Structures are given as C-alpha cells and as structure tokens.
Amino acid sequence: MTNVERLPTRLVRRGGWQPRAIGIITIAWCLMWDKLSWGNLANGFLVGLAATLIFPLPSIEYHGRPRPLAMIALLLRFMWDLVKAAVHVSWLAIRPRPAPRGSIVEVQLRTRSDLYITLVGALVALVPGSVVVEVRRAAGILYVHDVDTPGSEGVEACRARVLDIEERLVKAIGTRHEIALIEEAKSQ
C-alpha cells in the first residue's frame, strides 16, 4: 500500500432539525402512499421529524463540487459497464461447463470518505456479477464478490475495475485535493 496522505473524516452526531433528511423521508412517504395530499405531506414530515430525532445520523461531509463533464463520463462508463456485465453474466448462465470461478476480492480504496465508500459500493453492487459483501469503513476497504475471476489476473482485473470507479467518481464530484490524492496514488 502506498504512503498516500489520507483525508481526515470527522463524524458528528446530529440530532434535531435535519431538513434534507426530513425532506427525503417526506418524499419517500408520499411515494409509498402513491398519492400527493396535504395529509400525506404532513404525515411524511412528522415521520421524518420523529425519525431524525429518535435515530440521528452522523453528518457526511462533502466539500467537493460537481464537474458536469466528468459526471457525464462517469454515467456513460457506468451504463457501458452495466451492458457489458449483463452480457457477460448471461453468457455465464447459458454457456457449457466449466462453472465460473467466483472470488471475494479485497480492495483498498484510496479515499476514506464515507460518501465515496458508499457511492463506490453502490456503483459496484449495481453492476451485474459483483456485489459488496463487507466494508471496513475505518480502513477504507471493500470486499467485493465477483462472479467470474479466473486466476490471479481476474482478481487484479476486479480490483482495477473498483479503483477505476473510485477514480471516476472522485474526478466527477471531488475536491482538487482528493483528485490529486487519487492521481498521486495512481502514479505510485
């Protein structure tokens, strides 16, 4: 592992008024009831308020800024990965033997932000044939099950795919400092 400077993460326990969380819960409540009415809005707001008071979540700090071109590149590459993986998994299902050799691959991410760990994990899990089975948040490690990793080159290819996702994500929404960390780690 490289000696790349790690970004500090700070968890702050929040309680009380969390307008974004309350708003998201209110929207989810209205979607679950499949009807937009004043009653559903009020009940969703009350459920959101109660949930944030009873179960306060730590803040996830984000200091980056969205970069539209990099976000488009991230989304286009993600869609390409979806198609390619769907075709690959379909072929694995219908091809004659041998059975695919799956592996659990440890991937040390270069950033330790909860936001990036969550988003990278979600992007990996949404691609057919891979799923995140464990996360070591403090260490910034994802354990990814890949359905078809023939030999050590397959394991390294899986690890490289996850790190590429992290790189594209940081370039799309990260700070200059985070992008520099990724570039520095990549060059070593």
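Val120 touches Leu109, Leu142, Val162, Ile165, Glu166 and Leu169, leaving aside residues up to four places away in sequence. The model is predicted. Val120 is also among the residues with the most contacts inside the largest nonpolar core. A search of the whole structure finds one cavity of 30 Å³ or more.

**Nonpolar core**

- The largest nonpolar core has 25 residues.
- Val107, Leu109, Val120, Leu142, Val144, Val162 and Leu169 have the most contacts inside this core.
- Of these, Leu109, Leu142, Val162 and Leu169 are also touched by Val120.
- Two or more residues of the core come from each of helix 3, strand 1 (103-108), helix 4 (114-126), strand 3 (141-146), helix 5 and helix 6 (176-187).
- Helix 5 gives the most to the core, with eight residues.

**Largest cavity**

- The volume of the largest cavity is about 40 Å³.
- Its lining is made up of Leu74, Phe78, Asp81, Leu123, Ile165 and Arg168.
- Helix 3 (68-94) and helix 5 (151-173) are the elements that give two or more residues to this lining.
- Helix 3 gives the most to the lining, with three residues.
- By residue class, the lining of the largest cavity has four nonpolar residues, no polar ones and two charged ones.

**Links between core and cavity**

- Ile165 lines the largest cavity and is touched by Val120.

Technical notes:
Residues are numbered from 1 along each chain as its sequence is written. This is a predicted model: local features need pLDDT of at least 70, side-chain atom pairs count only at pLDDT 80 or more; totals for chains, interfaces and linings use all residues. Side-chain values use heavy atoms; hydrogens and water are left out. On a 1 Å grid over the protein atoms alone, a cavity is a set of points where a 1.4 Å probe fits but cannot get out, and a pocket is an open set with protein on both sides within 12 Å along at least five of seven lines; lining residues have an atom within 4 Å of a point. Grid points are joined across faces, edges and corners, and a volume is the space filled by probe spheres set on the points. Helices (H or I, at least four residues) and strands (E, at least two) are DSSP runs, numbered from the N terminus. Ala, Val, Leu, Ile, Met, Phe, Trp, Tyr, Cys and Pro count as nonpolar, Asp, Glu, Lys and Arg as charged, and the others, Gly among them, as polar. A nonpolar core is a set of buried Ala, Val, Leu, Ile, Met, Phe, Trp, Tyr and Cys residues joined through side-chain atoms within 4.5 Å. Buried means under 20% relative accessible area, exposed over 50%, partly exposed in between (1.4 Å probe, protein chains only). Contact means heavy atoms within 4.5 Å.
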